[in-house]
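Take a look at the model below. This report covers its nonpolar cores, then selected helices and strands.

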Amino acid sequence: MNAKELEVVSFLKTPDTQFIIPIYQRNYDWGRKECSDLFKDIIDVVEQDRSSHFIGSIVFIYEGLGSSREVRELVIIDGQQRLTSLSILLVALYRFALESGQGRLADRIYKSYLCNEYVEEERYKLKLKQTDKNALAFEAILWGEEDKLEGYTKVLENYRYFRSLVHAENLQLIEQGIKRLIFVEIALERGKDDPQRIFESLNSTGLDLSQSDLIRNYILMDLEPKEQGRVYKRVWYPIEENARDWGTEKSMVSAFIRDYLTLKNKAIPNKSKVYQTFKEKYQDKKGEEYWNDLEQIKSLSYHYHSFINPRAERDKDIRQELEYINQLEVHVVYPFLLQLFEDKDNGVISKSDLIAILQFLQAYVWRRFIVGLPTSVLNKIFMVLYAEVDSEDYVNSIYLSILRKKGAGRFPLDAELQQALRDRDLYNITARKRDYLFEKLENYNNREFVDTSDERISVEHIFPQKPSEAWREELSEEEIDAFERRYLHTIGNLTLSGNNGALGNKTFRAKKEMNIQGKEQGYQYSRLWLNKYLSSLAAWDLRAYHERTALITARFLKIWPYPEVELNEELLEPEMNIFEASMPKNKKLAYFIFEGEKLVEHKFTQMYLYVLRQLYQKDAALLLSQPARLKVSERAEDFRAPQLLVGSYFVETNLDSNKKFVILKRLLPSFGLEDALAIKYGEEEALEEKTAARKKDRFFMRKKYWTQLLPQIKDTTLFQRVSPSKDHWLSCGAGTTSVYYSLIMTKDHARIELSIIGAEKAKNKKLFKKLFGQKEEIEEVFGEALVWQELPDNKMSRIRFDLEGVSLGREEDWPKANRFFVEYIPRMEKAFYPYLKGRGGKG
């Protein structure tokens, strides 16, 4: 690595040199403020008669002395924002000189700073080489063709800003100022220096790099240039485009990756630690699992695109629900929605199921808002919600999971809503939530949709905010006081009107009958449902208010209903968070749930050890550094009843249940896992009966089945690294990106499946058709006929082989199912291997 101080103009004037902004670099995103600061610094250094002004460092990689290219390529890994902005300013100077008849000045700027005059290959002509739309925009402003550009770009926006600042009086001043700019040039040699480590070091010093910039860099930097281009184009660029907010033109990639990691890790990374969490998860960047996951991230980004830009969703019914969720500003639901929408695309659930779930989630969030429950608990509820989905009973399992929440996480009952709607101020809430409320209320079961967001329609107080004397004469003092103090901003006293300004604080009768110049402004002429009851009234008093509140409440409970789900006895008294549960002394444990994983266990000691081991896996150093909360030692003799925790570490187990509870409650907050552990007590006299029932629980049975099956699969490397789960399926990579083998066991059949689940439907279908073209050869090697399902309406395709008449719930069927899997999964791998090999890896 070589570092030296240098004048900017000397760097830019270096002959036969090209400054390459690599595809893994952050986007060019300097705005008006940064450009204004740069321009001011350039002017100030001359006006204040200073010899120089330092603008920071520019770090680049060069090929070393052995390069045989026509030009010297410097790959910029830090400083591209400054370098690009200076080049745009120089284009503005060049264009001004050209348009004002100063040909010699224009020629000097162009040949010195903007192009390599004598190189032969056209691709080396421009000194600054950018990627994607920035390259097109830079060339357009240079050649005066910016009117041909489509879409938004910071390059064009900043060029127009600089061009507006340049005039005849300050042209020489700007040139002099640029000549006084200096920077530190840091040159790295490929093969000798570690650009990734230096890039991270620069970021740690406080330079403004987003988490997504660092992730993009991590994915692309150490690939060969040709491979960088392929992976960028096929994987990263679609992610960046999908995770862009159309309204603000803001990149949401960091937020999207954070939601993805939340879904996968069942833990929410700190906003400033998204890159670090991603890097820790994907330390091995060469394996099939890594490239499969990148493809899945790309696939999920298409759904995220619709979440942040609902109008991009093609299906009008789904688009409507996404717009409602957007209005509720409940972004914490995104991690769950990512996999939910992926399942819909892959045919796991139907469109109607998807819409039912979206409406259920709205009811959950909106009811909670109405009754005033805290939103802080929702992060962790949605973080683990997908882990509680039972794909054989998809919709109901989601309903039941939410309905089991108690305390701050509960789904409010109808009685709570009835009380809240009498008292809750629903006028002084955010405009988006208010629009959501009135749009849903007004349009429920309406044949003709009413756009309540129309600026001509506004919220009207029936009893006005500033009542006239006429109001005070019509109502008693008690009623006036009740309206003013309690009911003024509640839903019973609010309606919609296209004549809010005209109605004002007039009496109720005047508001009802108003018909100035035949324009029918009054309630009695309104076609809105919200005004239908008002049109039948002679007066607005407390009796009328309560009747209207009851009507609206009844409608509210139909729009945002409590789901019709049969709750068994266990669900009526669900598990409780450990911080809400009573102390366990003299109680029996029925089961516990840790981070969404339910474990049937009756001994508190086993739960205690399980949670401690999970905490150790998460952060061993943190667990071992809290001796005041938990004593851990490598010496067994330090304890009365030592229990091996993990590795060589022991803990004490000669503690009563209360003490174990206290220790866990002290440890969990330090890991950010206050909501991760829930327990269910069992009644002692019924414990034996409940235990027998739980053994038939399908989640328990699934994990038990996979646990005994996996060690028996011998003649293949497939599923060697797969752990038993509570799902009715297990999957592993097939050696090709986005192609998986799955073992499936249900209540009536066993199945082996090859699934093609890439991000792009067209590519999935192309691969399926290629395999189908070899159907005879594949089935000859396999030895049996396979079921080939292209599934043209879904994103995925699959090829399967079934064994009917075996059931997960009948343990006597398990040996037969075991023989099926053990025999046929190696056969399937052998049959498909020749047509899948060589298709894995990057892109």
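Which residues of the largest nonpolar core touch the most other members? They are Phe278 and Leu337, in a core of 99 residues. Helix H16 (residues 351-371) gives the most to this core, contributing eleven residues. A second core is separate and holds 55 residues, among them Phe11, Cys35, Leu90 and Leu171. The model is predicted.

Two residues illustrate the contacts. Neighbours up to four places away in sequence are left out.

| Residue | Contacts |
|---|---|
| Leu337 | Phe307, Ile325, Leu358 and Leu361 |
| Ser301 | Pro238, Ile239, Asn242 and Phe256 |

Ser301 sits in helix H13 (residues 288-308). Its relative accessibility is 1%, so Ser301 counts as buried; the cut-off is under 20%.

Next, helix H34. This helix covers residues 814-836, 23 residues in total. At 1.5 Å a residue it should span 33 Å, and the end C-alpha atoms lie 31 Å apart, which agrees. H34 also bends, by about 25 degrees at Tyr824. A proline, Pro826, follows within four residues. Both Tyr824 and Pro826 are buried. Other buried residues of H34 include Trp814, Asn818, Phe820, Phe821 and Leu836.

Finally, the strands. Strand S6 (residues 181-189) has nine residues, and eight of them are buried, so S6 is largely enclosed by the rest of the structure. S6 runs parallel to strand S3 (residues 53-62), and eight bridges join the two.

Terms used
Residues are numbered from 1 along each chain as its sequence is written. This is a predicted model: local features need pLDDT of at least 70, side-chain atom pairs count only at pLDDT 80 or more; totals for chains, interfaces and linings use all residues. Side-chain values use heavy atoms; hydrogens and water are left out. Buried means under 20% relative accessible area, exposed over 50%, partly exposed in between (1.4 Å probe, protein chains only). Contact means heavy atoms within 4.5 Å. The expected span of a helix is 1.5 Å times one less than its number of residues. The bend at a residue is the angle between axes fitted to the seven residues ending there and the seven starting there. Two strands pair if DSSP finds at least two bridges between them. A nonpolar core is a set of buried Ala, Val, Leu, Ile, Met, Phe, Trp, Tyr and Cys residues joined through side-chain atoms within 4.5 Å.
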